Structure formats: C-alpha cells, structure tokens
Amino acid sequence: MKRIYYGWYVVAIATAVYMLMIGATFAAFGLYVLPVSAEFNLSRADMNTALILMNLGNAFLAPFIGRLLDRVPARRIMITCALLMGGSFLVLGLSHSLWLSAAVLAVALPAAYLGAGTLTMTVLIARWFTAQRGRAMALAAIGMSLGNITVTPLVGMVIENQGWRTALLLSGGAVATLLMVLALVLRERPGPGDVEGGRAAAAPAPAVHPAAPAVPAKVGAILKAPQFWSLSLGASLAMAVGQALAITLVPLAVGNGLTLIQATSLISVMGGAAIAGTLLLAVVADKVDRVSLLAALFLAGALINVGLHFEHSYALLVGSAGLLGLTLGAATPAFYALLADRFGAASFGTVRGLTMPVIAGLGMIAIRLAGEVFDRTGGYELMFSAFVVAQLVAAALIFLTRFVSAPIVAGAPARAATS
C-alpha cells in the first residue's frame, strides 16, 4: 500500500493549529468586549485598543520570529511559544492591571500567536511542498474559518456560564496543551525517503535537496530585491482594501435602509464564500500560474468596488459579500505559495515575517480611510473610487513581478537542524 506523504499530515496539523489560534484569539475577541468593558469601565474605543495592540505586536515581531524560524528548529519555537500562549492567557485572566494586560497583548500574546502556529505552520508547509504548495497552503487555511465555527462558540459558552476570566484560563490551558502535543509529532522537513509527487506549473524545483536545508538569504538582500516590494506591496494593498470592505458592509447596509438581520447575513455569506474560495484554490492553485491568479483576484476586487460605488441594493450587497469572501479566501494562501516559490523555502520564514509590517500598516491606513471618508462626506463613494484604483495598482504590481530582477534563491546547504 502506498504510504501517505508526511507533508499532508503537516497540512492537517496546520489546519488544527489555525483553528485553535484564530478561534481563541481574534475570532473570540468580540465575545470579551462587553464583560471586560463592564468590569473595567472601558469605552468601546478603549476595548478596540486591545486589538490594535495585538496587530501592532504581530507586525513588529513577525520579522524577528520569521528569521528565527529559518535558523532554529521550528518544534523548539512552537513548544516555547505554546507555553507563552498559555502564560499570556493566564495573566490576562488573573490581571486587574490595565497596563500589565496591555503589555501582554502588545508583546507576549503576539509572539505566542506567531511562533506557536500561524507563522510557523506556513514555513513548515513551504518546506514540505513544492509541486503542490498552493493546494497545501489552501487546505491549511480552511482552519482559519473552522476556528470561527468550532472554537469561538465554545469560548462563548464558557463566558456565559463561568465568566470571562474563567474562559481565558480554560481556553489558554487547553490551546497551549494541544499545541504542544501537535508540536511533538511534527517533523521539520522532508528526508531522503519522502517523495511529494505531483507537478506544478508555477513552482520551481528546489535548488538543493530538501533534506539539506540551504542558508537563508540575508535580510538586507531580501529588502533590496524588487520582487519583495512588488509582491508585498501588491498583495498588502489588496488585502487592506478587503479588510476595509469587510468591516464596511454592515454599516453600509444598515445606512441604506436594510434590517440588521439582512446586514449581518452579509457576514455569513462572506464567511461561506471564503471557505469556498479556499477550496476552489486547493483545486486550481497548482494548475495555473500564481501571478495571473492573484492579478485576476485583485481585478475582481476592483469590480466589487465599482459595483458598490453605484448601487447598494440587498442583492448587490449579497453578491459583493460573496465575491469579497471568495477573493479573500483564495488570495492569502496563493500569495504565501508565490512567496515561497520566488524566495525559496529556506528563506520563507524571513520573507513572510518581513511582509507582515507592510500588510498591517496598509491595513490600518485603509480602515482609517474608510472611517474618515464617511465622517467627512457622509458616504463611502469616495472610498470605493479610491479602492478601485488601489486594486488596479495591486494587480499591476503583482503582474510586474514577471519583469523585475530574478528572485533571491537560497544559499549554500547548511547543516540540518535536528527535528
């Protein structure tokens, strides 16, 4: 009987890790807003500051953790950060100091979030896959949506029955334990007997044997590479527009006379479409050119904004939410696969980490722009026009990677880290 390639076990583990991490942190954040703000007498703006601190922490720490993943065994980082995750939830659950909680949210929790799973798993998938890298990234990304469906409701039940502090303690302990168990069964990279199989049109062959990892490219060399900026700016611009649109749909719908039930249904449509987009990507990701795929997704994003500029009917909003979810669900894993193709698995942790400040920075600008435009004009038409231009620029930047200088490849083979 043919043995299953171990890389697919890595994908299954990554799916579980994403489900745990997203479901217990960002997806569950809204559940804590009311009880925490009531206990500490905080405004909604003050509570939202917690989310901003986590995003800033992710953006600042990602380049360092990404570089570390290219040099230190991933299992060691994952176990350490799983313990840090449990400790962060413990401190947040017991703390009565806003300053201590803010420090945890800005430093400890983002480091745990990145190192215990979300950044680590993309690096491991990039190492284990070349021919089917796009499919592997897409299937793992389904875990992000599953976290909303499985983990977050459980957190909500505990908050309702036991309180928010108990929910933090229990979820932190459970997530940390499960992450350490998953880390113990992970293998760092393929060995001589591991054969992936499959063939991808877009993925180049590895420069060295996967069992003999190459030296990661230097940070300065990566930052000087035109392809890094073309890829990171293009994808980050498109993702920023998607984030701003996602949080604009409900107030836009309510402001145009739709009921709250109709408005919230747009979020469900977007979530379902995101899963569908990820599954669709799993089918086609390694059969089509990734540059063309991303450019097409960003052009579809421009069409969404064109439609919203002129029409706000429920039918058009449902269609826009569906197309937005489809593009967001497919674009992120496709972008990560393209980064790994162009810069090599040995440098992927560093490159992936360096893109996160760009993504976070443009995301905050786009979200702020949405609010400012509405406050100053009473509508979103100017924002939609600006977003059309932004999506066209994003598509052009991605397409330009065909014509800029050759991508960085990994250096000479290095001594393999023990798994």
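Predicted model: local features only at pLDDT ≥ 70, side-chain atom pairs only at ≥ 80, totals over all residues.
The largest nonpolar core comprises 125 residues. Within this core, the residues that touch the most other members are Tyr32, Met121, Leu179, Leu245, Leu294, Phe298 and Phe335. Helix H5, spanning residues 98-128, gives the most to the core, with 16 residues. In soluble globular proteins, nonpolar side chains tend to be buried together. Leaving aside residues up to four places away in sequence, Leu294 touches Ala331, Ala334, Phe335, Leu338 and Ile398.

Helix H13 covers residues 314-343 and has 30 residues. At 1.5 Å a residue, a helix of this length should span 44 Å, and the C-alpha atoms at the ends of H13 are 43 Å apart, which agrees. Of the 30 residues of H13, 21 are buried, so this helix is largely enclosed by the rest of the structure. Just after H13, Gly344 takes a positive phi of about 85 degrees.

Helix H5 also packs against helix H14, which spans residues 348-377. Two packed helices are described by the angle between their axes and the distance between the axes. For H5 and H14, the angle is about 130 degrees and the axes are 9 Å apart. Angles of 65 to 115 degrees count as roughly perpendicular and those over 145 as roughly antiparallel; H5 and H14 are therefore oblique to each other. Their crossing is right-handed. On the H5 side, the residues that meet H14 are Leu114, Thr118, Leu119, Thr122, Val123 and Ala126. The residues of H14 that they meet are Phe348, Gly349, Arg352, Gly353 and Met356.

Gln391 lies in helix H15, residues 381-400. The relative accessibility of Gln391 is 6%, and because buried means under 20%, this residue counts as buried. Not counting residues up to four places away in sequence, Gln391 touches Ala238, Val241, Phe298, Gly301, Ala302 and Asn305. One of these contacts, Phe298, is also among the core residues that touch the most other members.

Asn41 is placed in the loop between helix H2 (29-40) and helix H3 (44-69). Most residues other than glycine have a negative phi. Asn41, although not a glycine, has a positive phi of about 60 degrees. With a relative accessible area of 71%, Asn41 is exposed, whereas Gln391 is buried.

Note on methods. Residues numbered from 1 in each chain as written. Heavy atoms only, no water. Helix = DSSP H or I, 4+ residues; strand = E, 2+ residues; numbered from the N terminus. Buried < 20%, exposed > 50% of the residue type's maximum accessible area, 1.4 Å probe, protein only. Core = buried A, V, L, I, M, F, W, Y, C linked by side-chain atoms within 4.5 Å. Contact = heavy atoms within 4.5 Å. Expected span 1.5 Å × (residues − 1). Axes fitted to C-alpha atoms, helices over the stretch in contact; angles between N-to-C directions. Parallel < 35°, antiparallel > 145°, perpendicular 65-115°, else oblique. Left-handed = near helix turned anticlockwise from the far one by under 90°.
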